[in-house]
Amino acid sequence: MSSAVFVRNSRRAFSVIGGGRRGTDALSGVHPVARRSIIDLSYSAHFMDFKGSSIPSSMKKLVVTKLSPNFREAVSLQTVPVPTPGDGDLLVRNRFVGINASDINYSAGRYDPSVKPPFDAGFEGIGEVVGLGLSASSHYTIGDTVAYFGSGAFAEYTVVPTKESVPVPSVKPEFLTLLVSGATAYIALKRLGDLAKGETVLVTAAAGGTGQFAVQFAKQAGCHVVGTCSSNEKAGFLKTVGCDRPINYTSEDLGRTLRKEYPRGIDVVYESVGGSVFELAVNSLATKGRLIVIGFISGYQSASGIPSIKGGTLPVKLLQKSASVRGFFLPHFPSDYREALGSMMQMFAKGKLVCEVDCGELSQEGRFTGLESVFRAVDYMYAGKNLGKVVVEVAPPSVSNSKL
Ligand SMILES: NC(=O)c1ccc[n+]([C@@H]2O[C@H](COP(=O)([O-])OP(=O)(O)OC[C@H]3O[C@@H](n4cnc5c(N)ncnc54)[C@H](OP(=O)(O)O)[C@@H]3O)[C@@H](O)[C@H]2O)c1
């Protein structure tokens, strides 16, 4: 028999985010429900969870089969056996998965040039535990709801090492927005922003997945927040989350507006677009200004992945203003991660953080449902259509899942 286990009505403490699961449940006011009975029917073949809703022997997942920033060219939908969790792993039935701008950097092999296809795609998911290894069962049990930041999320089922998992009170897509998008804004501004009350903060791609959080955290720090976006609808949304001056750059000239309305300059820039927007942001910095490089999405679809800039004068510009440009990459801040998630989940539970989710309801072909729609969701983001975090619903709620 494998190390996957039969678990009946067990409840064990798991201290990841400021307490055990009971504490986490209390955050959302969701009352823990009775544990489900699980029947292990020879795990190596398949096993069943509550009331006969069986785990199938095969599933769909998205696999990078060719390195390319063109997601449709790089990735294919495959049918494969449902994987078996190892001793310290969970088998998670994904309910929602998050789309990230970097999904196309990953499919282009830019994260690790030594990795050769085929490899699994997708960075983050949320769902319920439907199987687990023996060691993992000291932290979780079947039916628990978890989110995770780890590879291979674009699948109906994903094996998740316990250490990459985060217990969540329910399978709400809002929790998914915190894992990468929220955590990036929270940690980057906290560790690199040095925000002071009254300072002016510029957030680019402000109405997107991570931008929406940067706006809110900068506002919470007592700053005046300026945010760029490409539509009036996004500008309206930005106002509702505390952005003092949304700039729709399709109807207003960004550079001219910044020069006219902020002649003293911008103290902190949370910069995600790159290229000409990066240059403009550098030119707009105030004395002792800080620009945090979060990304450069305007270049990701190109062969190099890097938008061009005229960088030759950068040292002069920084010196003349005692300004700085700092890079931020979330995986480099593991020691900040748990605190960031715990804090954001509390804010969300208290209604102090908006986690805007965009499941594509207003897109031409409608809501992103099923793994097939990940392709559409990536296109939608790169067309600049999303308002909030782009999320795909992988599977509808199972009938027996009383936590939803
Ligand atoms: N450093 C890290 O650890 C880290 C972690 C997460 C995300 N990021 C970065 O954060 C940025 C945003 O990522 P996200 O996943 O949250 O995406 P997102 O902001 O939800 O979506 C991307 C937004 O960028 C704008 N955009 C799309 N294509 C563009 C293009 N070709 N040129 C200019 N703007 C474009 C659009 O907004 P408008 O049309 O309104 O401008 C779009 O809504 C990316 O640069 C990403 O790499 C970095």
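This is a predicted model: local features need pLDDT of at least 70, side-chain atom pairs count only at pLDDT 80 or more; totals for chains, interfaces and linings use all residues.
Me: How many of the residues of helix 11 are buried, and which residues are they?
Reply: Helix 11 spans residues 374-382 and is largely enclosed by the rest of the structure, because 8 of its 9 residues are buried. The elements that cover these buried residues include strand 1, helix 2 (71-74), strand 2 (75-81), helix 3 (103-107), strand 15 (357-358) and strand 16 (389-393). The buried residues of helix 11 are Val374, Phe375, Arg376, Ala377, Val378, Tyr380, Met381 and Tyr382.

Me: Against which elements do the buried residues of helix 8 pack?
Reply: In helix 8, which runs over residues 276-283, the buried residues are Val277, Phe278, Glu279, Ala281 and Val282. These buried residues have as their packing partners strand 12 (266-271), strand 13 (285-293), helix 9 (314-321) and strand 14 (324-327).

Me: At what angle do helix 4 and helix 10 pack, and which hand does the crossing have?
Reply: The axes of helix 4 (residues 173-193) and helix 10 are 9 Å apart, and the packing angle is about 115°. From helix 4, the contact is made by Glu174, Phe175, Leu178, Leu179, Gly182, Ala183, Tyr186, Ile187, Lys190 and Arg191, while the residues from helix 10 include Asp336, Tyr337, Ala340, Met344 and Phe348. By class, this contact between helix 4 and helix 10 has 13 nonpolar, 2 polar and 5 charged residues. As for the hand, the crossing in which helix 4 passes helix 10 is right-handed.

Me: Which helix gives the largest share of the lining of the second largest pocket?
Reply: The second largest pocket, with a volume of about 240 Å³, is lined by Phe149, Lys163, Glu164, Val166, Leu330, Pro331, Phe333, Pro334, Tyr337 and Arg338. By class, this lining has 7 nonpolar and 3 charged residues, with no polar ones. The largest share of the lining, 3 residues, comes from residues 334-349, that is, from helix 10.

Me: Is alanine 121 buried or exposed?
Reply: Alanine 121 sits in the loop between strand 4 (119-120) and strand 5 (124-132). Because its relative accessibility is 3%, under the 20% limit, alanine 121 counts as buried.

Me: What is the relative accessible area of lysine 60?
Reply: Lysine 60 belongs to strand 1 (residues 58-64), and its contacts beyond four places in sequence are Leu77, Gln78, Thr79, Ala155, Glu156, Leu371 and Glu372. Its C-alpha lies 8.6 Å from that of valine 82, a residue 22 positions away in sequence. Lysine 60 is classed as partly exposed, since its relative accessible area is 30%.

Me: Which residue does a cis peptide bond join to proline 117?
Reply: The omega of this cis bond is about 5°.

Me: What is phi of alanine 205, a residue other than glycine?
Reply: Alanine 205 is in the loop between strand 9 and helix 5 (211-220), and it is partly exposed at a relative accessible area of 35%. Aspartate 194, in the loop between helix 4 and strand 9 (200-203), is not a glycine and has a positive phi of about 45°. For alanine 205, phi is likewise positive, near 50°.

Methods: Residues are numbered from 1 along each chain as its sequence is written. Side-chain values use heavy atoms; hydrogens and water are left out. On a 1 Å grid over the protein atoms alone, a cavity is a set of points where a 1.4 Å probe fits but cannot get out, and a pocket is an open set with protein on both sides within 12 Å along at least five of seven lines; lining residues have an atom within 4 Å of a point. Grid points are joined across faces, edges and corners, and a volume is the space filled by probe spheres set on the points. Helices (H or I, at least four residues) and strands (E, at least two) are DSSP runs, numbered from the N terminus. Ala, Val, Leu, Ile, Met, Phe, Trp, Tyr, Cys and Pro count as nonpolar, Asp, Glu, Lys and Arg as charged, and the others, Gly among them, as polar. Axes are lines fitted to C-alpha atoms, for helices over the stretch in contact, and angles run from 0 to 180 degrees between N-to-C directions. A crossing is left-handed if the near helix is turned anticlockwise from the far one by less than a right angle, and right-handed if clockwise. Contact means heavy atoms within 4.5 Å. Buried means under 20% relative accessible area, exposed over 50%, partly exposed in between (1.4 Å probe, protein chains only).
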